[in-house]
Amino acid sequence: MTIAEAQQAVDQWIKTYGVRYFNELTNMACLTEEVGELARVIARKYGEQSFKAGEKANLGEEMADTLWELICLANQTGIDLTNELEKSIEKK
């Protein structure tokens, strides 16, 4: 799946099952929450913290959840992530 296809798939899912996008501020808060969940898994898997009872090392799932929220923000603000990533790579 390309980045553009991912943006289209998320948009289609939102329009089919989610009905609408949350507003940008809410989605930013959701993105922040997902980044926090990703950080928690990394801290436990690679850092000095340990998993608590019932927690699992769902690193890929948390990365995907974070990407989902980022794609939502891109879609609702009209950002072409493929183009922006290409520009970022060139800049670096």
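**Figure 1. Trp 68 in the predicted model.** Trp 68 is partly exposed, with a relative accessible area of 29%; here buried means under 20% relative accessible area, exposed over 50% and partly exposed in between, for a 1.4 Å probe and protein chains only. The model is predicted, so local features need pLDDT of at least 70 and side-chain atom pairs count only at pLDDT 80 or more, while totals for chains, interfaces and linings use all residues. Residues are numbered from 1 along each chain as its sequence is written, and side-chain values use heavy atoms, with hydrogens and water left out.

**Figure 2. The aromatic cluster of Trp 13, Tyr 17 and Trp 68.** These three residues form one aromatic cluster. Rings of Phe, Tyr and Trp (its six-membered ring) pair if their centres lie within 6.5 Å; planes under 30 degrees apart count as stacked, over 60 as edge-to-face and the rest as tilted. The whole structure contains 2 aromatic pairs by this search. In one of them, the ring centres of Trp 13 and Tyr 17 are 5.7 Å apart and the planes stand at 40 degrees, so the pair is tilted. Both residues belong to helix α1, where they are 4 residues apart, about one turn of the helix. Helices are DSSP runs of H or I with at least four residues, strands are runs of E with at least two, and both are numbered from the N terminus. Trp 13 is partly exposed, at a relative accessible area of 40%, whereas Tyr 17 is exposed, at 61%. Trp 13 also forms an edge-to-face pair with Trp 68, at 5.4 Å centre to centre and 80 degrees between the planes. Because Trp 13 lies in helix α1 and Trp 68 in helix α3, this pair ties together parts that are 55 residues apart in sequence.

**Figure 3. Helix α3 and its buried residues.** Helix α3 covers residues 59-76; at 1.5 Å a residue, its 18 residues should span 26 Å, and the end C-alpha atoms are 26 Å apart, which agrees. The expected span is 1.5 Å times one less than the number of residues. The buried residues of α3 include Leu 59, Glu 62, Ile 71, Cys 72 and Leu 73. Packing partners of the buried residues of α3 are α1 (3-18), α2 (24-45) and α4 (81-91). Just after the helix, Gly 78 adopts a positive phi of about 75 degrees.

**Figure 4. Ser 50 in the loop between α2 and α3.** Ser 50 is located in the loop that lies between these two helices. With a relative accessibility of 53%, Ser 50 counts as exposed. Apart from neighbours within four places in sequence, Ser 50 is in contact with Arg 44 and Glu 55, where contact means heavy atoms within 4.5 Å. The C-alpha atoms of Ser 50 and Gln 7 are separated by 35 Å, the two residues being 43 apart along the chain.

**Figure 5. The chain as context for the close-up views.** The chain has 4 helices and 0 strands, in the order α-α-α-α along the sequence. Its C-alpha trace spans about 40 × 35 × 25 Å along the principal axes. Of the 92 residues, 26% count as buried. Among contacts with a separation of 6 or more, 64% are between residues 24 or more positions apart.
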